[in-house]
Amino acid sequence: MKSRKNAEDFEDIHGIKNNRRNQEIYNRFKQKKKGKKFRENIDGVISKYKKITPEEASCFRKFKQFPLSSATINGLNEAGFTEPTDIQRQSIFLSLIGNDVVGAAKTGSGKTIALLVPVLESLWRNKWTREDGLGALIITPTRELACQIFQVLNQIGKNHDFSAGVLIGGTDIEYERDRLGHVNIVVATPGRLLQHLDENESFRCHMLQILVVDEADRILDMGFKDQLNAIVENLPKERQTLLFSATQTRNVKDLARVCAKDPVFVSVHEHSDNVTPDNLQQSYFVCEEEEKVNILWSYLVNHKRKKTIIFVTCCKQARFLTEALCSMRPGLSLMGLWGTMNQTKRVEVFESFDKNTAGAALIATDVASRGLDFRKVDYVLQLDCPTTVDDYIHRVGRTARMNKKGEAVLVLTPSQEEPFLKRLAEKNIEVSKIHVDTQKLVDIRIKLSSTLSEHLECKEFAQKAIIAYARAIHTMRLRDVFDVQKIDFQALSLSYGLAVAPRIRFLRKHGINVNDRSNGNAKKSLKKEDDEDDSETETHLTPNKDAAAAFNVDDDDDVIRVARKNVFNVDPNEELKEEELKPASKKKNTVLPKEKAVKKLIKRGALLSAKKIIFDDEGNPIEDTSAVQKFDINEAAERLEKARQEDKKHHREILKTIRREKKRKQHASKEEDDTMDLGGDVSQEDEGSVDLSWLPDPDKPKDVENSDDNDNEPPKKKIKKPKKQSILNAEEQALALLGMG
Ligand SMILES: Nc1ncnc2c1ncn2[C@@H]1O[C@H](COP(=O)(O)OP(=O)(O)OP(=O)(O)O)[C@@H](O)[C@H]1O
């Protein structure tokens, strides 16, 4: 959501904008509230509470059978919701009569409406107005989910006169601060909410009627437990509490014990055979880690008309894959969504993917796995194995929502197959195995590699993605499923378009040897990088024969040329041996000045060269000798020295001229004085001889500059020191010759 839009949201009263016409409507509502009829309506609805039992309510087929305000029923009808789902049927009435409820139901089963209807009814029953301040608080784990809940609230609550707002990170906190005092319903993420509770005096919760925690399990998984406890401590004890999640975990029950009073547990699909949606077709296949990018590309080009969410493990992977594959033009709308993305962009992506019906793919992290309700998603492709079975359930739940059909495909590596399937089976999740002929996949490594050489930012993303992935796998809790040692990082790097694997420092710190599965390259190259380079990512792109040989030119491709420059044709090992001896911290930020770098190279007698390698159709490197440019660094150094000597000579000449000019002027003024003395009073001292002591010693050139110290000296013009610029110019020229200036 754009910050501007977010700002407008605060002025919305469920679709009623803050203009004159809306003010009239608002006043009418206010009148109505005070009116007798309004009070009678409320009493009429409340009286029905006593006549209906929860069992009866759980059999209602229509929303209008529930004892609800006409504003809510109309809002539901207008939004197209006439028949309640199971969770709505079983929980709404229990909430209406004032119970604290802990609800759990499968993904996509309509929990949002199940929690919003009691919120609207609670404030309506209490004749809530804008002046009453905060009446309901809905806490949800992610920003997208908060915006989505807010949208549904706007839809079904548009006939009520409550004000509502969203509090999420990444928006204008000052703007929110000013308006928060008049908001009746707040949908918030825990962090931003706590910030307002701590810092904003106008945000008062003492009148709060109802607290709702959506995706409670996810909030706890994300480590918001302490924040949640702190928030609950700030709320009045006399309130109603509703907790909703897809699974009723022990954590949720613990939370319920802390913030709910004698809660009623509603678990709709507890006895159902499947924990995943019934219309969901689930399958998996096994492949190597390094085949995943090719698989993804092949999938994208073959499913241009479908809407797919692709799940990966970490933000940096999502960023790299989105950026790199987008620049390779897959022929469909490809987007990315991850947690560290800027908020405005996040909302744009969310809305654009949601609206898309022509075919689109969204590469996302688990930020999109919970609660998000994208329209008509055909496939969920889990390119990386989910962290837990619960995450699996949430990810696949983005498709096959509300009894629609959907398909979920899980990608596992050989070592993950057995342990993860065992865990899925424990929860009665059946997935059928499919086979993917990896020989038939489009090999995009060389294309990706040339994309990376064109977009250096992408190359950096690729390196960071690999490091982040290694770190994520290493910190996973399911040790039998995730083993960082089983990953061939060299092969994985090649599949990301990198010639060599980036240095993964933390693995070494933990004493982990990286797998050497394929050709012994992985360990060797990582070790080499480790020794060579102290920065987190790769800096040398040295020609790698194995890498080149591994590249197969895609049928679709034209001739692909990969030009690599090893600028100084110096063995990087040798170059860095000296560096290795220095402490790591010092090395890190030291940038060698160009002049020093040249001197260092001169010392080594290095030959400067730029090589151009062209690959033929089979991917064999052909050396293009015509394009080879050579620079003899010693020769260049000689030229540099010559230029320096010439400059020095020139400098000396300038100094001499200045001195000569100065002497000439002094003589001239002396002669003038003598002439004057002849006509005026002459002191006795002056009579016999002329004092020439103040004259500068011509043998001491420095006196030109130091003559200010001489008190006897007559005032004279300050002589400008010749700039050293000329020397530097010569150096710069020489550096420019070397291609470094
Ligand atoms: N009574 C209803 N009639 C028709 N459609 C409904 C009804 N209730 C909800 N829906 C639709 O079902 C979809 C899923 O609803 P919702 O997002 O509330 O599910 P959820 O249980 O919260 O899922 P998740 O656990 O993934 O968050 C939405 O598109 C919503 O519009």
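**Notes on the predicted model**

1. Around the ligand there are 19 residues, and of these Thr-107, Gly-110, Lys-111, Thr-112 and Gly-371 come nearest. Please keep in mind throughout that this is a predicted model. Helix H7, which covers residues 111-125, gives the most to the shell around the ligand, with 3 residues. Sorted by class, that shell has 9 polar, 6 nonpolar and 4 charged residues.

2. As for the chain as a whole, the protein has 31 helices and 18 strands, and buried residues make up 38% of its 741 residues. Among the contacts with a separation of 6 or more, 76% are accounted for by residues 24 or more positions apart.

3. An unreviewed UniProt entry places a short sequence motif, the "Q motif", at residues 61-89. In the model, the chain over residues 61-89 is 45% helix and 0% strand, and its end C-alpha atoms are 8 Å apart.

4. Val-102 has its place in strand S1, residues 101-104, and it counts as buried because it has 25 C-beta neighbours inside 10 Å, where 20 or more are needed. Leaving aside residues up to four places away in sequence, Val-102 touches Leu-243, Gln-248, Val-252, Ala-256, Ala-260, Pro-263 and Phe-265. The C-alpha atoms of Val-102 and Ser-245 are 8.2 Å apart in space, although the two residues are 143 residues apart in sequence.

5. Helix H17, residues 389-396, is mostly covered, since 6 of its 8 residues are buried; these are Asp-390, Tyr-392, Ile-393, His-394, Arg-395 and Val-396. Which elements do the buried residues of H17 pack against? They pack against the strands S8 (280-286), S9 (307-311), S12 (379-382) and S13 (406-412), and against helix H18 (414-426).

6. Leu-280 is found in strand S8 and counts as buried because 22 C-beta neighbours lie inside 10 Å. Not counting residues up to four places away in sequence, Leu-280 touches Val-396, Thr-399, Ala-400, Gly-406 and Ala-408, and Val-396 is itself one of the buried residues of H17.

7. The axes of helix H15 (residues 315-327) and helix H20 (residues 456-475) come within 8 Å and cross at roughly 150 degrees, and the crossing is left-handed. On the H15 side the residues that meet H20 are Lys-316, Gln-317, Arg-319, Phe-320, Glu-323, Ala-324 and Ser-327, while H20 brings Cys-458, Phe-461, Ala-462, Lys-464, Ala-465, Ala-468 and Tyr-469. The residues of this contact divide into 8 nonpolar, 2 polar and 4 charged.

8. Two backbone angles deserve a check. Most residues other than glycine have a negative phi. Lys-127, however, which is not a glycine, has a positive phi of about 50 degrees; it is found in the loop between H7 and strand S2 (136-139), and it is exposed because 12 other C-beta atoms lie within 10 Å, the limit for that class being 12 or fewer.

9. Asp-262 likewise has a positive phi, near 40 degrees. Its place is in the loop between helix H13 (250-259) and strand S7 (264-267). Is Asp-262 buried or exposed? Asp-262 counts as exposed, because it has 7 C-beta neighbours inside 10 Å.

Key:
Residues are numbered from 1 along each chain as its sequence is written. This is a predicted model: local features need pLDDT of at least 70, side-chain atom pairs count only at pLDDT 80 or more; totals for chains, interfaces and linings use all residues. Helices (H or I, at least four residues) and strands (E, at least two) are DSSP runs, numbered from the N terminus. Two residues are in contact if their C-beta atoms, placed from the backbone, lie within 7 Å. UniProt positions are given in the numbering used here, feature names are shortened, and annotations may be inferred rather than shown by experiment. A residue is near a molecule or strand if its C-beta atom, placed from the backbone, lies within 6 Å of it. Ala, Val, Leu, Ile, Met, Phe, Trp, Tyr, Cys and Pro count as nonpolar, Asp, Glu, Lys and Arg as charged, and the others, Gly among them, as polar. Axes are lines fitted to C-alpha atoms, for helices over the stretch in contact, and angles run from 0 to 180 degrees between N-to-C directions. A crossing is left-handed if the near helix is turned anticlockwise from the far one by less than a right angle, and right-handed if clockwise.
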